[in-house]
Amino acid sequence: VGPEWGCHRMFNSLFGKKKVPIKDQVKEWTRGLSKEARGLERKIREIRRDENKVKAQIKKLAKEKSAKTAIRTLAKSLVQTRKTCDKLYEAKTRINSVCTQLKLNYGVHIGIALSSTLNRVIFLAQMKVVH
């Protein structure tokens with residue numbers, strides 16, 4: 001099931017073709033968000049590996065003491081990779097936050113539905129007692 005399947009579901013639910021249960025929607029959305037978070041984590045690990053390679057190059061060039069400009073450019077690229085990693089961690093945190101909020105809102109929705117059902121049952125029970 002690809003991302004286009006979710007679009008069809010959303011289109012159908014908007015125009016009354018078939019209502020998708022909220023539980024299934026939340027599950028599908030959290031699955032997609034988790035997939036994106038894993039992809040970001042993969043990119044972060046890749047960047048960290050490259051960062052370690054650049055560090056090793058800098059150390060090697062520092063021993064030679066002749067390539068100051070090369071060391072400077074490598075150091076600048078190292079700083080850029082760290083900034084990129086920080087931004088990816090931020091994005092991953094935001095994705096996890098949205099995922100948590102989805103689950104929380106679904107739980108609140110279930111709680112509201114349950115309380116309204118209980119209120120109806122209590123009301124009907126009171127009506128039976130009165131009559």
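This is a predicted model: local features need pLDDT of at least 70, side-chain atom pairs count only at pLDDT 80 or more; totals for chains, interfaces and linings use all residues.

**Exercise 1.** Work out which pattern of secondary structure the protein follows along its sequence.

*Solution.* Start by counting: there are three helices and zero strands. Reading along the sequence then gives α-α-α.

**Exercise 2.** Check whether the end-to-end span of helix α2 agrees with its number of residues.

*Solution.* Helix α2 covers residues 22–64, which makes 43 residues. The expected span is 1.5 Å times one less than the number of residues, so α2 should come to 63 Å. Its end C-alpha atoms sit 63 Å apart, so the two values agree.

**Exercise 3.** Find the buried residues of α2 and think about their spacing.

*Solution.* Buried means under 20% relative accessible area. In α2 that picks out V26, T30, L33, A37, G39, L40, I44, I47, E51, V54, I58 and L61. As for spacing, an α-helix has 3.6 residues a turn, so residues three or four places apart point the same way. For the protein as a whole, 17% of the 131 residues count as buried.

**Exercise 4.** Decide whether I112 is buried or exposed, and say which patch it belongs to.

*Solution.* First locate I112: it lies in helix α3, residues 68–130. Together with L104 and V108, I112 makes a nonpolar surface patch of about 290 Å². The protein's accessible surface comes to about 10,800 Å², with 61% belonging to carbon and sulfur atoms.

Key
Residues are numbered from 1 along each chain as its sequence is written. Side-chain values use heavy atoms; hydrogens and water are left out. Helices (H or I, at least four residues) and strands (E, at least two) are DSSP runs, numbered from the N terminus. Buried means under 20% relative accessible area, exposed over 50%, partly exposed in between (1.4 Å probe, protein chains only). Accessible areas come from the Shrake-Rupley method with a 1.4 Å probe; for residues, only the protein chains shown count as cover. Patches are made of residues with over 30% relative accessible area and no salt bridge: like charges are joined within 9 Å, nonpolar side chains (Val, Leu, Ile, Met, Phe, Trp, Tyr) within 5 Å. A salt bridge is a side-chain nitrogen of Lys or Arg within 4 Å of a carboxyl oxygen of Asp or Glu.
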